[in-house]
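Me: I am new to this structure and would like to go through it with you step by step. Could we look at it together?

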Amino acid sequence: MPVQLFGPVQVSDTVEIPERSGTAFTLEQGDTLIVIDPRGEQVADLLAFNAEDVAEIISSGRTFDYAETIYLTTGHELYSNRSRPMLGIIEDTVGRHDFLLTPCSYDTFHHFYPKLQPHRGCFGNLAAALEPYGIAPDMVPTAFNCFMNVPVDGATGKLRVLPPISKAGDHIAFRAHMDLIIGLTACSAPDSNGGTFKPIHYRIERG
């Protein structure tokens with residue numbers, strides 16, 4: 001990935017993930033990953049694996065345990081299944097993301113969108129992008145869904161998927177606490193993205 005040197009920090013070029021696609025890349029401990037919604041109302045599914053041992057993966061359950069909230073934002077840590085912090089949220093211009101729902105897939109398209117052409121979704125895009133790193137489809141966990149808006153009824157527990165509240169240029173930034181393999185998508189599910197599909201941008205600031 002091309003980088004420019006600004007003082008002591010190396011900043012990567014901004015990379016575009018085309019609509020309904022995904023990618024994978026590495027982060028080193030101390031790097032900052034900035035995920036950007038360039039047009040607004042677009043979700044990005046994010047996964048993290050320990051680069052030294054891919055059996056250690058991002059965990060929604062551990063994260064909720066330690067955060068004691070399902071609404072994660074600046075100051076919260078995303079933990080692994082081994083209770084170790086993987087990513088810290090250091091900046092967030094949106095304040096509403098989801099860590100409850102799994103990546104969309106052929107199966108979820110058949111369930112929620114039976115009249116639409118099925119798509120392999122974020123699950124398929126992540127599985128394909130992570131395969132070169134030795135990560136099999138069954139190892140894909142619940143993703144941290146940047147910018148996804150999933151309100152929960154406090155009385156009934158009912159979930160709803162509403163359009164994201166993110167506007168063009170909004171972003172969330174994560175600091176890596178270990179060497180990581182990252183999977184990242186521009187989400188493919190209609191309801192999650194206000195009915196349209198748009199790209200996601202990201203860049204990396206080397207620590």
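Me: Among contacts in the chain between residues at least 6 apart in sequence, what percentage join residues at least 24 apart?

Reply: This is a predicted model, in which local features need pLDDT of at least 70 and side-chain atom pairs count only at pLDDT 80 or more, while totals for chains, interfaces and linings use all residues. Residues are numbered from 1 along each chain as its sequence is written, and side-chain values use heavy atoms, with hydrogens and water left out. A contact here means heavy atoms within 4.5 Å, and among contacts between residues at least 6 apart in sequence, the share that joins residues at least 24 apart is 76%.

Me: How many helices and strands does the chain have?

Reply: Helices (H or I, at least four residues) and strands (E, at least two) are DSSP runs, numbered from the N terminus. Counted in this way, the chain has three helices and 13 strands.

Me: What radius of gyration does the chain have, and what would a compact globule have?

Reply: The radius of gyration is taken over C-alpha atoms, and the globule rule is 2.2 Å times the number of residues to the power 0.38. For 207 residues, a compact globule would have a value near 17 Å, and this agrees with that of the chain, 16 Å.

Me: What percentage of the residues count as buried?

Reply: Buried means under 20% relative accessible area, exposed over 50%, and partly exposed in between, with a 1.4 Å probe and protein chains only. Of the 207 residues of the chain, the share that counts as buried is 48%.

Me: Which parts of the chain does the pair of F99 and F144 tie together?

Reply: Rings of Phe, Tyr and Trp (its six-membered ring) pair if their centres lie within 6.5 Å, and planes under 30 degrees apart count as stacked, over 60 as edge-to-face and the rest as tilted. F99 and F144 form an edge-to-face pair, 5.4 Å centre to centre with 80 degrees between the planes. The two residues are 45 apart in sequence, so the pair ties together the loop between β9 (85-92) and α2 (106-112), where F99 lies, and strand β10 (residues 144-146).

Me: Which residues do ring pairs link into a cluster with F144?

Reply: F144 and F174 also form an edge-to-face pair, at 5.8 Å centre to centre and 90 degrees between the planes. This pair links strand β10 with strand β11 (residues 170-176), as F144 and F174 are 30 residues apart. F174 counts as buried at 0% relative accessibility, and F144 is likewise buried, with a relative accessible area of 0%. Ring pairs link F144 into a cluster with F64, F99 and F174.
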